[in-house]
Amino acid sequence: MSLWVDRYRPKSLGVLDYHKEQASQLKNLVKQGDFPHLLVYGPSGAGKKTRVTCLLRELYGPSVEKLRMESVSITTPSGKKLDVKTISSNYHIEVNPSDAGIYDRCVVMELVKNAAQTHQLDPSGQRDFKVVVLTEVDSLSVDAQHALRRTMEKYVATCRLILISNSTSRVIPAIRSRCLGVRVAAPTSDQIVSILQMVCKKEGLTLPLELAKKIVDKSERNLRLALLMCESCKVQETPLQDKQEPILPQWQVFLRETARTIMHEQSPKQLMEVRGRLYELLCHNIPIQMIFKGLLKELVSNCDMRLKAAVVEEAAFFEHRVHQGNKGIFHLEAFVAKFMCIYKKFMEDSVIDMF
Amino acid sequence: MQLSENWAEPYVLDELAVDQRKVGEISSWLSNHRNTCGILLLTGPTGCGKTAAVKCTARSLGFEVREWVTPLDRNFESGADIGFFQNQTEKFEDYLYSCSRYADLFVKSSSTSSLLLVEDYPNIFLLKPEIFHDVLGKYCRTSRAPIVFICSDVADHGLNIERELFPLDVQGSLGITHIVLNPVTRTRMLQALKRMGSYLQSMSSGYKLPAPDILNEICDSANGDVRYAMLSLQMKPQEDVVSLFDFAGKKGLGKKRPNSLKLTREEETVSACGKDDRVSILHAVGRVLYPKWYEGALKPNSSSTKRKRKGDEKHLDATVPDARWVHDPNTIVDAYCSTASSFLLFIQENYLKTFSTIESVAAASQFLSSADVMMTGVGVEASQEMSLNVAVRGVMVNNKVPNRIFNQVRGSRHWELLKTQTELTTLTDSLFPLYPVSHTVLLTDVIPFMSHSCTNSLSNGKFDCS
C-alpha cells in the first residue's frame, strides 16, 4: 500500500493537474533539444519535485524512474570523510546538499564533477548530458553557491543542473542569472478541491464540499498536506462527513500549546518550561524556521494590534540570527523572553489604564 | 643557606599534615599485611601528603620502602644501546617479584619486611590497562610483600590514571584496599607551615618568620596543597625586599579607591603567591550566574533596608559608578576562552534559574544570542573571546537580584540534541529509502499523517513508497 500522495502523483507532463501552460512550455523546451540550467522555485507542497520528475521522464523516457540509492563518500580538503546519500538513475543524480552541513561546498563540486566527467556511452537517441538535481538550495551556504557558479559554466557541455528551492531570495544573483527560473506557484483553492475530489472518486469515496474547503483552509494551499489530511480523514471516519475536523500534525498542536503556555504566564520559570518544549520540538527534527513561524502566528493572533508590529519585528530579528549563529535554541529562547517581556508590559499598562 | 634535599618532609608521624584517622587506617593496613601480599590504592588531590604519609608510617612500623622508578630504555648519555632490550612490563614484573622476596643488598637494615611503592606507572600500562591487570593478578599469587599504589586525583577524566588502571571490578576481584585522602585542612596546614618556618629559621639566622596573616594567605591560596604551600613559604620574599618585587602594589596605587582598599590588598597577595587560581568550570559558571558585588556598589537609597538581609543578598545597581564585581569577568573569560563554546552552553543552560524577572531574562538572553552569532564569526580574530565576554557580562550585568537558591549546574542539551537529530535522520533514511521528498518535509508533513493513516506499515519497518 502507499499513501494517496504517492499513488496519485502525476507521472508525465501531460497529465499534470494545474499550471498546464507551464507544463507545455517545459515540454517544448525538451523538444528543442537544448536545455538550460533550471531553477525551480515555489512554496512547499506546490509540486516542484513532481514537475521535475515529469520533466526528467520527458527527457529520458520511463527508464529514468529506476532509482537506486547510493552513498557517495567524499573527502573534504581537511581530510574528513563524508558519506552523502544520493538518489540516482542512469541519467540523473539527485542530492540534498544540506545533508552535508558545512561541507556542502565540496559535496556539490565533487558530485557535479563526477556526473560531468562520465560521458554517455550510447549517444544515439539519448541526450548527451546528465542532470544533477539539487534539492533545498535555500539552505546551501553562500560558499557552496559561489563554487557552483564556476562549476556550472565549466561542465555545461555534459551536465545540466536543476535546482529546487522554496524561494529565490537565498540564491545568490550569480546563480539566478545562470538559470532559467521556473516558478511553481501553489495551486489555488479550487484546484485543490477538484484534485481532492478526483482522488476521492478514484478511491470510491465522496468528498463533501464543506470538508474539502476545511481541508484546503487548514493545509494553507499545500497540496501534499491537503492530500495527507484527506487520507487521515478517511481513516478517522468513512464515509467522509461534512462536520469532520481535519487533524493537524501532532507537532503543530504541540506548538500551539507552547504558544498558549507563553501567553498564560510570563516568568523565568515559565520560560524554563517553554524551553523544555522547544527542545522537544527540535529533538523531532522540526526545522527551527518552522517553529519560529508557527509560534509567531499563534502569538500574534492573540495579541493586541499595537503589539503585533513590535512582536513581528523581534521575531524577524531573531530568526535572522538563527541563520547567522549555529545554536538555534539561543535565539528561539531570546525571542520568547522578549515576547514575554513585551506582552507583560502591555498587560500591566492596560491594567493601569483601566483605573 | 644549604638545605638538605627533603628538608621539609615530615619525619615522624606527628609532623604529618594528613588527617590522623587516615594515617591510622594506613598504618593498620600496613601492620596487617606485613610479609604477606596485599594491594593498597591511595588517592587524593595533588600535594595532600600521600607519599609522605606512606613513607612516614612505613618508617615508624619498620618497613623498608622500595620504590619503582620507570627506567629509561636507552643510555642517553653515551648515546649507545645498553646491549639488550627488555620491555617495561617485564622489568616491572621483575621488580615486583624480586623486591617482594629479597632484601636490598645495599641497605643495611635490621627489618626484613619490605614495602613496595609505585607512583610512576610505565607507559605501556596506561595504553593497555589489561596488561597491568594481568601483572597485578600474577603479583597476588606470587608475592610476599605489600604494595602501595599512589594516584593523584585529576579533574580531567582523560588523564585520570586511577579510573583506567584500577576500575572497580578489578579492585573487587584482587581485593584492593582503597584509601582516599582529603585536601589538608587549614589548621594542619598552618601547623606544618610553622614547623617549616622554624626549621628555616634554625638553618639561617637571617630568615624571619612571615607574619601570621601572610601564613593565612598562603594557606588560602594553596587550597589544601601542602607541597605548594611549602614552596610559597620558601619563596615568600622577606619584608624588606618586598617593595622591589611588588608590581601589583604599584599598579594599584593610581586607581586606589577608599572602598576598594581591601580588594587591592587581596589582589596583591594572590598575585604575590602566584598560585594558578583557576577554578573548575562549574565554579566559574557559578560566579557568572550569581554575580557578587562589593559593598560600594550598594544603592544608596535602598541600602538601609537591604542590609538587614544576609550579606551577599544585597540589591545592587550596576549604574552606580563605584559598582565592582567580586569576580572580575575578565579573569573568568581569560580562563575559559579556549573552551568558549562549551562555557557558553553551560551559561545558557543554567542562567534561567537564577533570574527573578522576565525583563532581565530578556535582556540577558539577547546578549547570549549575540554571543552565539559572534562565536561563529568567521575570519574574526579572537571572536571566541569577544563572544564569551559579551555573554558573561550580559548575564552578570542583567542579573541584579540573583535567586540565591541551590540549583544544580546542568550540562547543556545541545550535544544530546544534535545526536538525537542525526539518529532520527538516519532512521528515516533507512525507513524511507528513495522517498521523493526531503527529510524536513518527511518529518513535518508526511510522517505525522502516516501515523494516523497507516500505523501498521510503520511498525512493519520498511515502508513501500512505490
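1. In this predicted model, strand β1 of chain A, residues 38-41, is joined to β7(A) by 4 bridges, and the two run parallel. Within this pairing, A:V40 stands opposite A:V182 of β7(A).

2. Both strands belong to an open sheet of 7 strands in chain A, ordered β2-β3-β4-β5-β6-β1-β7, with mixed pairing. The edges are taken by β2 (68-75) and β7 (180-183); each has a single partner strand, so one side of each lacks a neighbour in the sheet. Neighbouring strands are turned against each other by 25° on average, direction ignored.

3. A:F318 is buried, at 0% relative accessible area, whereas A:F317 is partly exposed at 34%.

4. In chain B, the rings of B:F132 and B:F149 have centres 5.6 Å apart and planes at 80°, so this pair is edge-to-face. The pair links distant parts of the chain, 17 residues apart: B:F132 lies in helix α5 (residues 129-142) and B:F149 in strand β4 (residues 146-152). B:F132 is buried, with a relative accessible area of 0%; B:F149 is buried, at 0%.

5. B:F132 and B:F149 are part of one aromatic cluster, whose members also include B:W68, B:F92, B:Y95, B:Y121, B:F125 and B:F166.

6. Chain A also has charges placed over rings. A:R277 lies over the face of A:F254, 4.2 Å from the ring centre. The charged end of A:K327 sits over the ring of A:F330, at 5.8 Å from its centre.

Methods:
Residues are numbered from 1 along each chain as its sequence is written. Chains are lettered from A and ligands numbered from 1 in the order in which they are written. This is a predicted model: local features need pLDDT of at least 70, side-chain atom pairs count only at pLDDT 80 or more; totals for chains, interfaces and linings use all residues. Side-chain values use heavy atoms; hydrogens and water are left out. Two strands pair if DSSP finds at least two bridges between them. Axes are lines fitted to C-alpha atoms, for helices over the stretch in contact, and angles run from 0 to 180 degrees between N-to-C directions. Buried means under 20% relative accessible area, exposed over 50%, partly exposed in between (1.4 Å probe, protein chains only). Rings of Phe, Tyr and Trp (its six-membered ring) pair if their centres lie within 6.5 Å; planes under 30 degrees apart count as stacked, over 60 as edge-to-face and the rest as tilted. A charge sits over a ring if NZ of Lys or CZ of Arg is within 6 Å of the ring centre and within 35 degrees of the ring normal.
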